[in-house]
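Here are some questions to explore with the model at hand. Take them one at a time and look at each part as you go.

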Protein chains: 2
Amino acid sequence: MATIYDVAALAGVSPATVSRVFNGIAVSAVRSERVRAAAERLSFTPNRTARTLRKQSSEVIALIIPDIENPFFTALARGVEDVAQASGYSVVLCNTDEDAEKEARYLDVVVSENMAGIILAATSDHVDLTDLTRRGRPVVAVDRSLPDVDTVTVDNVAGGRDATQSLVAQGFRRIACITGPCGGPTAEARADGWREAVIDSSSDRYLRHADFRVEGGHAAMVNLLNLPEPPDAVFVANNLMAVGALRALIERGLTAPVIGIASFGDLPFATLSPRGVTVIPLPARRLGEAAARLLIERLRGDDQPRRTIMLENHS
Amino acid sequence: MATIYDVAALAGVSPATVSRVFNGIAVSAVRSERVRAAAERLSFTPNRTARTLRKQSSEVIALIIPDIENPFFTALARGVEDVAQASGYSVVLCNTDEDAEKEARYLDVVVSENMAGIILAATSDHVDLTDLTRRGRPVVAVDRSLPDVDTVTVDNVAGGRDATQSLVAQGFRRIACITGPCGGPTAEARADGWREAVIDSSSDRYLRHADFRVEGGHAAMVNLLNLPEPPDAVFVANNLMAVGALRALIERGLTAPVIGIASFGDLPFATLSPRGVTVIPLPARRLGEAAARLLIERLRGDDQPRRTIMLENHS
DNA sequence: CTTGACCCTGAAATCGATTTCATTTACGCT
DNA sequence: AGCGTAAATGAAATCGATTTCAGGGTCAAG
């Protein structure tokens, strides 16, 4: 393929001049035109690898998410993509499958590919980001907060509280909670919101930890239903587990008015879901947009202290 | 960060030797050990950008899909990822949003980032791949076939026929078809299957073209229902349009036994969907796996003539 | 006419790896 | 001991861009 040298030769200038033309650095109109013509004729595209090697940074930002099959994260990805594209960055998506090891591998790739920056919905809050930060690569945590880096989340406590309060208002009293992995800040915050709103404060017997996935939600719901005194309602801390919980309920013939159910985050393809489910909508796409904007500001040199953005819980 | 020169200096060898140690080329045990120790101490990670520049190829493969919010494609992505990771490749996902221009931009990135290869579910069958093929980058088309490159698809004609026949067997006679964009090979093939199975062969009045998305399916269904003599069943050529069609039916109070509906491809989160929908399951994940395997064989130097793999329509 | 300031330009260094090529070293065999 | 072959090693070239540095040219002010 055509290189900058080929273009230079054809245009009768030095490679440096070709580079300048493509980077908007002052070049006389005559040469500039000759270079453009030559580049056109050779259908020259600058080699990004060479450019990245020299500039020590590419125009690619990585978005690392734990579950590509969760519509919440794909919506978020759309948000990131829209903003990034508009600023000339490409987005590559990496799926960790909630696996810390895969996550670490992708973080390695980010470093060694000299990617510009990274938006991360981490598998846990003790990710090792030293390699990134040491090289000045900006990191933005999204959906799941991380110590020491810019963070964009929703108000998880308020969301959990609102969802639970809505169940209380519907007259339910024995309200269970299915939340995410033990120790995860997001999972804990949502459960905290539930604790605040639930009437019987000794109700941790109705608290279950699962894995933010359909199967986990299903298992937890089954477990709750098998209690001697099962709950009369349940607050589920994410959309996929809510799907699992709903499946468990449907299997037992339980539906809306008999048992209450509230989901943190829109149910996927909600047009297909049963009536009577309380939903706390999550602004997934706007989370992605905000994270991307934050990252791009950092890439442009913004060096304020760490910032945390908390979006309201409605689309 | 530590470079290969730093490691070489610390280990008292030449950079070439360090490179050889990391590439499994014969180096005496003594030096090899010294290099490893030095690399460890400096926490050295080879710079992939430099390596890519020199080798003219990275260890990244691009997966370009038209709609990241479609569970079919995310399942496919999982398949690709599993196989690729196992062979030491990283996968980056690019979402074109069914937009040919975005697609072209991503193809440019693939070329100029020297990515190893590319798996593509194209927006149309006249994509320009000359830049790719000229540089010997293998391309595999998945789900949507392309001229001149390896292809992995399902048997779209058979699937359309089976789905429609199942509706016929249920006693429906005025069976409509909602398929994808006019001229798209996948959309046409599925509609061809429908034509083969439908009893009244003059029934193209019941054929609608939409965009493979929820809204399009909804609009087409509404349109069909507004006909003077509406169909009594519908075959929908992809999962998202089926969701839209179902929504339209539910809005009119029409459900399973009254009107027949068959979907090509599993409904997303099917546990939530109404009963009575005929589903032709699509082996999305296996499509991804097969495509990745094919691509990796090419990357390893396989240069057989073009191959086409057609999977059966069941998971 | 001289000097200084400023703008363009090209030669060459640089980014960090891989790889070729030439050389050295080691070893086996007669 | 002498010779040939193979294996291990390092110096230097290479990939394709960007960027520094040093001139060369133009122009205005003195």
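Q: How do the residues of the surface near DNA strand C divide into nonpolar, polar and charged?
A: In this predicted model, local features need pLDDT of at least 70, side-chain atom pairs count only at pLDDT 80 or more, and totals for chains, interfaces and linings use all residues. Residues are numbered from 1 along each chain as its sequence is written, while chains are lettered from A and ligands numbered from 1 in the order in which they are written. Ala, Val, Leu, Ile, Met, Phe, Trp, Tyr, Cys and Pro count as nonpolar, Asp, Glu, Lys and Arg as charged, and the others, Gly among them, as polar. On that basis, the surface near DNA strand C has 13 nonpolar, seven polar and six charged residues.

Q: Which residues are the closest to DNA strand C?
A: A residue counts as near a molecule or strand if its C-beta atom, placed from the backbone, lies within 6 Å of it. DNA strand C is surrounded by 26 residues, and the closest are Ser14(A), Ala26(A), Thr3(B), Ser19(B) and Ala50(B).

Q: Which elements each supply at least two residues of the surface near DNA strand D?
A: DNA strand D is surrounded by 26 residues, with Thr3(A), Ile4(A), Ser19(A), Ala50(A) and Ala26(B) the closest. Helices (H or I, at least four residues) and strands (E, at least two) are DSSP runs, numbered from the N terminus. The elements that each supply at least two residues here are α2 and α4 of chain A together with α2 and α4 of chain B.

Q: What rotation superposes chain B on chain A?
A: Copies are superposed by least squares on the C-alpha atoms of residues with pLDDT of at least 70 in both. For chain B on chain A, the RMSD is 0.1 Å and the shift along the axis is 0.0 Å, with a rotation of 180°. The two copies are thus related as by a two-fold rotation axis.

Q: Which element gives the most to the side of chain B that touches chain A?
A: Two residues are in contact if their C-beta atoms, placed from the backbone, lie within 7 Å. By this rule, 36 residues of chain B are in contact with 36 residues of chain A. The elements giving two or more residues to this side of chain B are α4, α5 (71-86), β2 (90-95), α6 (100-112) and α11 (239-251). With six residues, the one that gives the most is α5(B).

Q: Why do the copies meet through the same surface?
A: By class, the side of chain B that touches chain A has 17 nonpolar, eleven polar and eight charged residues. The copies meet through the same surface because the share of interface residues of chain B that are also interface residues in chain A is 100%.

Q: At what angle do helix α1 and helix α3 of chain A pack?
A: Axes are lines fitted to C-alpha atoms, for helices over the stretch in contact, and angles run from 0 to 180 degrees between N-to-C directions. Helix α1 (residues 4-11) and helix α3 (residues 29-41) of chain A have axes 9 Å apart and pack at an angle of about 125°.

Q: Which residues of α1(A) make the contact with α3(A)?
A: On the α3(A) side, the contact is made by Arg34(A), Val35(A), Ala38(A), Ala39(A) and Arg41(A). The residues of this contact divide into six nonpolar, no polar and two charged. On the α1(A) side, the residues are Val7(A), Leu10(A) and Ala11(A).
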